[in-house]
Amino acid sequence: MLVRIGVKKLDDLYSDVPKEFLHKGAYALPDALSEQEVRTYFEALDRLNARMKVFVGAGAYDHYTPAVIPYITQRSEFLTAYTPYQCEISQGTLRYIFEYQSMICELTGMDVSNASLYDGPTAAAEAMKMAVACAKKRTRVLLSRSLLPHILKVVETYAKFHGVELGYIPAPEGQTSLDGLQAGLATGDVAGVIVPEINRYGIVEDHSGFADAVHAAKALLIEYCDPSALAVIKSPSEWGADIAVGDAQSLGLPLCYGGPYIGFMAVKKEYMRKMPGRIVGQTVDQEGRRAFVLTLQAREQHIKREKATSNICSNESLMALWVTIYLSLTGPEGLREVNRLSSDGAHYLYAELLKTGRFEEVFPGKPFLKEFVLKPKEFPGFMQQRLEKAGLFAALDTEEGYVSFCVTEKRTKEEIDQLVHIVKEG
Amino acid sequence: MQYYDKLIFELSKKGRTGYSLPVNKFPPAPELPVELRRETPPDLPEVSEPDVVRHYTNLSQMNFGVDTGFYPLGSCTMKYNPKINEEIAALPGFNGLHPLMHAGLVKGALKVYQELGRALSAITGMEAFTFDPCAGAHGELTGLMIMRQYHLNRGDTARTKVIVPDSAHGTNPASAAVCGLEVVEVKSLADGRIDVEALKPLLDETVAGIMMTNPNTLGLFETRIKEIAKLVHGVGGLLYYDGANMNPLMGMVRPGDMGFDIMHLNLHKTFSTPHGGGGPGAGPVGVAKQLVDCLPDLRVSGFHGNFGILLRAYAYLLMLGRQNLKEVGQYSVLSANYIKESLKDVYKLPIEGVCKHEFVFDGLIDDGGHDGVPGATTLDVAKRLLDYGFHAPTIYFPLLFHQALMIEPTETESKETLDAFIDVMHQIAAEAAEDPSILREAPHRTPIRRPDETAAARNPVLKFKDA
């Protein structure tokens, strides 16, 4: 090989690199390990992590992953391919993205979905940018104070550098305030409004009147949602949203310490060409067969460079396959049952915790599904430690001084009873 | 590969399911108030588990991955993905960690962050890494935020421009725009490198920094990097390194030593994690010492980045170790130069000389066009390659050449594979010279053939119910 290239040794291939930049000496790295040693090493690291029953949500939900999903997503034809640039040998990827888009549109009721974004918070940030791009002159975006903290932080980071002014809508009674929204819109410079369908307290919000108020101010309504819950709660489209975003991690993705997850975005048709990310469309091939391609690419960075709708290139494609298989397995009824079982378990836990006398209700009577907050009557640290010792990750502190709980279909009655028992013992 | 025409929705039969749940032992929760309830259920497919498995198995068989065959997609570093990495990432103690667990519960995970950070610092010459970015472009954006933050922390608010070479990846200018920076393009010279003379007048105290890929997207080392670094630093700007092309520098050159202040790495390229049909990746960002203070304030993703990808990358790194690091760089460069020298008799090589991990041809020397018969284009060559069981190179990028064909073989391919590719590329060139229509009508043997992309964009059918 060297002969054909016309050099004597491998180092000659770096003759164009100034000598002073060629690294001398050894790199400060560990010695190479065999596969067997690597496995042993990681198994030991793995054991350093606690194995907990998870009773916390706050943006990452411990739903069950059916065995079919890892089995299929590990198929190397899916796993080791890249972006489907060559559509003739990528119909597998293109078809599942098309199915994913279709399913996200079904759940949200929106017209057009993209092929995925990184995670929920970055999807919200993209929606913020999109609202400003659609509005042109109006540059302010309103965020509900009831959005989960990690969403607010990411949107705030993007806003700071992208030059978007943010305003906040108060949520004094555990729900985004319509009066607060109207007050925020009154300044006349609002391009978009981001509100959660299920908020940081686990409460299912009532957005009656929101769309009318937002649209009267010529702004876009962006609903942040948990797609799992959309099987039972009003869809973004039913609330009159222009953009729906959120994290589809709740559709069977492992917790995996926060990623990979998958942000989704779906919009009304009129905003299709302003949407960030890849989009797959259906067409026919030369012989009239149904075929799928990446489409509307004039929005994207590889064509438009600095004028693109976003800088996103690689997204979370394999996690879109994950979600697509999950929704295929559950179907509408399975997803409804997931919600029922989680919600029944959560309400049981809520009632039992109140009976212990150690908590006060924070938002009595407000509707919730799988997640809720309570106010501990005493400092919760000792209780949290005891729960932790028993292998239960629960009662997460919130910024407001509440503790938050979440119950998915994975939590059994026995586990919940154990949790309550530990709390009761004091 | 065989054409398979179903969509999962078309397999749906009312009442069928592939999912089961434990018996519900709880008292029923109160119903949601009517005004919060969904009116019509989502129309998701109703299928059995075997339906699902067969459908997606059939779909997979219309796909080409690194495990299928040679995938010389330029700038994407489609190296082999070791299988042990998948098992490591699936270990239950990692997979089951909730992102809000406190440090005492996630000691193993935190060790991975620390040790991987240390290793990446050693490889790149950076002081510290943040692992929050989920992909390369996300890393670029994060890096540019750090750049701006650094200037702002010093009270320097006038730096609103970022210089980007005309050969840069499209994500570079796009990331700059998302970060609120104005993009100023600097031209390349005929030898493919940045025109340093053209750069000089662009430099002043409004420049936040420059984004560079070195080697650049032509696979050429920016030989005047020292001078460029001096000029940019001289006006108070910073140097950003786009790590998409880091592979040839593995074990050979450290971006930090060349004067770069901020960089990202694509773990799904250089560090062997699978590309997943377009992600998930990971784009950790490294910074020089004086920028470490800018890291903590920036929250660019929900939790701690794509942890599952970091695990895979670290497993890869541990198997490489310090002993084998250099082989990654050197063999990737060897493979690229070998292909380049073997094919330049029939494909136009616009810039002679040694390349790094990739190179760019400017189409066929003899495209077969004559007397009104159109010749074969780069697109045609790419499509013909599919017939021969190879993935196509990156085409029509970089924009410097009209018929760009960007080939990146990586270090994990054997000489036999490279030779087979070279033979086929020669054969394709011969076909073009003789009868370019063979190429123009290619591919002939794939599940579908040249779909109508114009129709797809003109009448968008973007979900099942649009059709």
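A salt bridge is a side-chain nitrogen of Lys or Arg within 4 Å of a carboxyl oxygen of Asp or Glu. The legends below use this term and describe a predicted model.

**Figure 1. A salt bridge within chain A joins Lys53(A) and Glu415(A).** The side chains of these two residues meet with a distance of 3.8 Å from N to O. The pair counts as a salt bridge because the rule asks for a nitrogen and a carboxyl oxygen within 4 Å. Lys53(A) belongs to strand S1 of chain A, whereas Glu415(A) belongs to helix H14 of chain A, residues 413-425. The pair thus links distant parts of the chain, with the two residues 362 residues apart. Over all chains, the rule gives a count of 55 salt bridges.

Figure 2. The size of an interface is often given as the accessible area lost when the parts come together. Phe161(A), Tyr257(A) and Arg305(A) supply 6% of the area that chain A buries against chain B, more than any other three residues. In terms of contacts, 179 residues of chain A touch 200 residues of chain B.

**Figure 3. Arg322(B) and Asp31(A) form a salt bridge between the two chains.** Side chains of opposite charge can pair when their charged atoms come close. In this pair, the closest N and O atoms are 2.8 Å apart. The rule finds 12 salt bridges across the interface of chain A and chain B. It also finds 103 residue pairs in polar contact across this interface, both residues being at pLDDT 80 or more. On the side of chain A that touches chain B, helix H12 of chain A (residues 317-355) gives the most, with 24 residues. By class, this side of chain A consists of 92 nonpolar, 45 polar and 42 charged residues.

**Figure 4. The largest pocket has a volume of about 940 Å³.** Its lining comprises 44 residues, and those nearest its centre are Tyr85(A), His302(A), Thr394(B), Ile395(B) and Phe397(B). Several elements give two or more residues to this lining, among them strand S10 (290-294) and helix H11 (301-304) of chain A. The lining of the largest pocket has 20 nonpolar, 15 polar and 9 charged residues.

**Figure 5. The second largest pocket holds about 820 Å³ of space.** This pocket is lined by 37 residues, with Pro254(A), Leu255(A), Ala90(B), Asn95(B) and Gly96(B) nearest its centre. Strand S1 (53-54), helix H3 (68-73) and H12 of chain A each give two or more residues to the lining, as do helix H2 (84-89), helix H3 (92-95) and helix H9 (307-343) of chain B. Its lining residues divide into 21 nonpolar, 9 polar and 7 charged.

**Figure 6. The largest cavity contains about 280 Å³ of space.** The structure holds 7 cavities of 30 Å³ or more. The largest cavity is lined by 26 residues, of which Gly59(A), Tyr61(A), Leu148(A), Ile198(A) and Asp226(A) are the closest to its centre. Helix H7 (149-162) and H12 of chain A each supply at least two residues of this lining. The largest share, 3 residues, comes from H12(A). The lining of the largest cavity includes 11 nonpolar, 10 polar and 5 charged residues.

Conventions
Residues are numbered from 1 along each chain as its sequence is written. Chains are lettered from A and ligands numbered from 1 in the order in which they are written. This is a predicted model: local features need pLDDT of at least 70, side-chain atom pairs count only at pLDDT 80 or more; totals for chains, interfaces and linings use all residues. Side-chain values use heavy atoms; hydrogens and water are left out. Contact means heavy atoms within 4.5 Å. Buried area is the accessible area (1.4 Å probe) that two parts lose on being put together, summed over both. A polar contact is a pair of N or O atoms within 3.5 Å; within protein, one must be able to donate a hydrogen and the other to accept it, and residues adjacent in sequence count only if both atoms are side-chain atoms. Helices (H or I, at least four residues) and strands (E, at least two) are DSSP runs, numbered from the N terminus. Ala, Val, Leu, Ile, Met, Phe, Trp, Tyr, Cys and Pro count as nonpolar, Asp, Glu, Lys and Arg as charged, and the others, Gly among them, as polar. On a 1 Å grid over the protein atoms alone, a cavity is a set of points where a 1.4 Å probe fits but cannot get out, and a pocket is an open set with protein on both sides within 12 Å along at least five of seven lines; lining residues have an atom within 4 Å of a point. Grid points are joined across faces, edges and corners, and a volume is the space filled by probe spheres set on the points.
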